[in-house]
Amino acid sequence: MNIEKVLAKRLDTTVKKLGKNNNLLLLSTHSMFDVLKDKKVIIMACNIRIKHVVPGILRAADELDAIVGFELARSEGNLKGGYTGFTPYTFFETIVDYANEINYKKPFFIHADHTTVRDTSTEEFQTAESIIKAAIEAGYTSIAIDASHNEVEHNVDITSKLGKLVQDAGLGLEAEIGEIKLVTEGGALSTVEESLEFVDGLKKNGVTPDLLAVNNGSKHGNYSPGEEVHLDLKRTGEIFNAVRKYGISIAQHGITGTPLEVVGQFADYGIRKGNVGTEWQNIAHNHLPKDLFAEMEKWCKENNKDIKIATKPFKDKIDNIADTYKKATEDEAYSRAKEFITAFRAKGTGTMVTEALGR
């Protein structure tokens, strides 16, 4: 393996942010998923929300020689901080600081998840554009554009225009067809026909995503008591088989609460990236001081908010909990990350990618 060749393939903006003498393997997902597109493996991407889980996830990925990603959605962290209090810049710095602290040697990526464009207004487009430009400037190596709330023709137009910014910067690109939303809540499963219409439209405009996120019946967040997981993996595989000729793989959103025996089947249906988010929030909440968590719950009740929305107003207190609580969070995140990486069949993907890129 020629590690110098791998380091030479880092993005210019990433090198500038890290410093020329920094050898972290923070790579573009464009090159990663090109290597992995025909491998039945899934790379875990983590919406951490609370930073104390990061060292545990890194430890697990290092031990299992697995690629891992860290991601921040528009709702979680934008230029004003989102509901986690992170901006693209502070999120990048947080992940890199942890990686430098442990002298991390495996490939990883930092991803702007769900850069959402909810409608065709100029304001929505410009907001997403500003987030993408900030993510590129911050040193991110991958971006997801989510215009799935719009009709296919508008989704194509929006994703094409924003996608060119991403591709021109050398970053990996994820696009979305079919809003991630349960059918019982008004969502609709993505179809092969609309997926091809979407991808063909992008290609005509000179944009080809590395990953396509689809609605296959998953949901974001925790499942409610008694609510069952119903993923249409057959449909997922059909979409993959239709778009794989373009070098496109599937990104799976909404994995928290899905049994690991089901997760273990994902790779057989063309899924190459799996987003895990609320799982890490749950772990972090498990190990907050009881009085602090009670204070957060009280705030949520008074303001009629979901517990995740309490992350920002209580960020300083959460960030500065005692080391014993931080260590307990890290240890549970480490154990859970190992379970996901194993179920995802991602062991050894670190070496798999570095060897391919280092030839």
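**Ground rules.** I am working with a predicted model, where local features need pLDDT of at least 70 and side-chain atom pairs count only at pLDDT 80 or more, while totals for chains, interfaces and linings use all residues. Residues are numbered from 1 along each chain as its sequence is written, and side-chain values use heavy atoms, with hydrogens and water left out.

**Overall build.** I looked up the secondary structure and found 15 helices and 8 strands; these are DSSP runs numbered from the N terminus, with helices (H or I) of at least four residues and strands (E) of at least two. The radius of gyration is 19 Å, close to the 21 Å that the globule rule gives for 359 residues, so the protein is as compact as a globular protein of that length. That radius is taken over C-alpha atoms, and the rule is 2.2 Å times the number of residues to the power 0.38. Along the principal axes, the C-alpha atoms fill a box of roughly 55 × 50 × 40 Å.

Buried means under 20% relative accessible area, exposed over 50%, and partly exposed in between (1.4 Å probe, protein chains only).

**Salt bridges.** How many salt bridges does the structure hold? I found 22, each being a side-chain nitrogen of Lys or Arg within 4 Å of a carboxyl oxygen of Asp or Glu.

**Asp 65 and Lys 106.** The closest N and O atoms of this salt bridge are 3.4 Å apart. Asp 65 sits in the loop between helix H4 and strand S2, and Lys 106 in the loop between helix H5 and strand S3, so I am looking at distant parts of the chain, 41 residues apart. Asp 65 counts as buried, at 15% relative accessibility.

**Arg 336 and Glu 279.** Here the closest N and O atoms of the salt bridge are 2.8 Å apart. Arg 336 lies in helix H14 and Glu 279 in helix H11, so the pair ties together parts 57 residues apart in sequence. Arg 336 is partly exposed at 21%, whereas Glu 279 is buried at 13%.

**Lys 298 and Glu 302.** I next found a salt bridge of 2.6 Å, N to O, between these side chains. The two residues are 4 apart in helix H12, which separates them by about one helical turn. Both Lys 298 and Glu 302 are exposed.

**A network.** My last entry is a set of linked salt bridges that joins Arg 59, Lys 327, Glu 330 and Asp 331.
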